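I opened my notebook to look up a few residues. Here are my entries, in the order I made them.

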Amino acid sequence: MVILTDISEASSSSNDQHKMYDVFLSFRGADTRNSFTNHLHKALEDANLITFLDDKNIETGLYLKPELESAIRASRASIIVVSKNYASSTWCLNELALILEQHREFNHIVIPIFYHVDPSDVRKQQNSFGDAMADHKQKMEAETNGETKNGWAQKMEIWKNALTQVANLKGKEPKDM
C-alpha cells in the first residue's frame, strides 16, 4: 500500500526522533470508525506504525481537546479521512486546521483520503460540506455573546481555508488504494 510505504520511509529517515506517533488519524467517527478507519488503523499498526486513534466519544465544541492537539503535534504524519459528514464536526475541522498548520510550519506529512466524497465538493464547500458550513454559520449568527461570536467567525475562516487546502493536496480515493 502506497500510504504505508510513504509514511514508513519518512518515519525511518526523519530527523524528528522525538515524535511520539508515526501517524495521527483524523476522521468523523460516525461515518467511518467502524468500517474504513478501523481497517486503516489495523493496517498501519500491522506495518509497525505507531498510530494515534482517538476512540473516545467527543462532545462537539468550538475548541480542540488538549490531548488531541498534543497528539497532532507529536505525530510525524496525519491521514485525514474526509467523509461526507467530516465538516459537520467542529472537532474534525479544528484537527484539520492544526494538521495543515503543522504541515506548513514543520513539513508534517499530510495524506488526505476522500472517502466517498469528491475533492471538488470539499474545495468549493458544496453539497454536504456547504450544508455543514451553513450550519456552523447559523450557530455563529445565533450567538449573543460578542466575543464568542467573534471566535466563531475567526474559526469559520480558518475552517474554510483548511477545507480548500486539504482538497488541493494530492489525496487518495479508496478506489486508488
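Contact here means heavy atoms within 4.5 Å. I keep in mind that this is a predicted model.

**Entry on Gln 125.** I started with Gln 125, in the loop between helix H5 (119-124) and helix H6 (128-142). I left aside its neighbours within four places in sequence and listed the contacts of Gln 125: Gly 130, Met 133, Lys 160, Leu 163 and Thr 164. I then looked at Lys 160 again. The side chain of Gln 125 reaches the backbone oxygen of Lys 160 at 3.2 Å. Is Gln 125 buried or exposed? I noted a relative accessibility of 17%. Buried means under 20%, so Gln 125 counts as buried.

**Entry on Asn 127.** I stayed in the loop between H5 and H6, where I found Asn 127. I checked its backbone. Phi of Asn 127 is near 55°, a positive value in a residue other than glycine.

**Entry on His 116.** I moved to the loop between strand E4 (109-114) and H5, which holds His 116. His 116 is not a glycine, yet I noted a positive phi of about 60°. His 116 has 65% relative accessibility. Exposed means over 50%, so His 116 counts as exposed.

**Entry on Gly 29.** I finished with Gly 29, in helix H2 (residues 29-46). Its relative accessible area is 22%, so I wrote down Gly 29 as partly exposed. How far apart are Gly 29 and Val 81 in space? I found 9.9 Å from C-alpha to C-alpha. In sequence, Gly 29 and Val 81 are 52 residues apart.

How values were computed. Residues numbered from 1 in each chain as written. Predicted model: local features only at pLDDT ≥ 70, side-chain atom pairs only at ≥ 80, totals over all residues. Heavy atoms only, no water. Helix = DSSP H or I, 4+ residues; strand = E, 2+ residues; numbered from the N terminus. Buried < 20%, exposed > 50% of the residue type's maximum accessible area, 1.4 Å probe, protein only. Polar contact = N/O pair within 3.5 Å; in protein donor to acceptor, adjacent residues only side chain to side chain.
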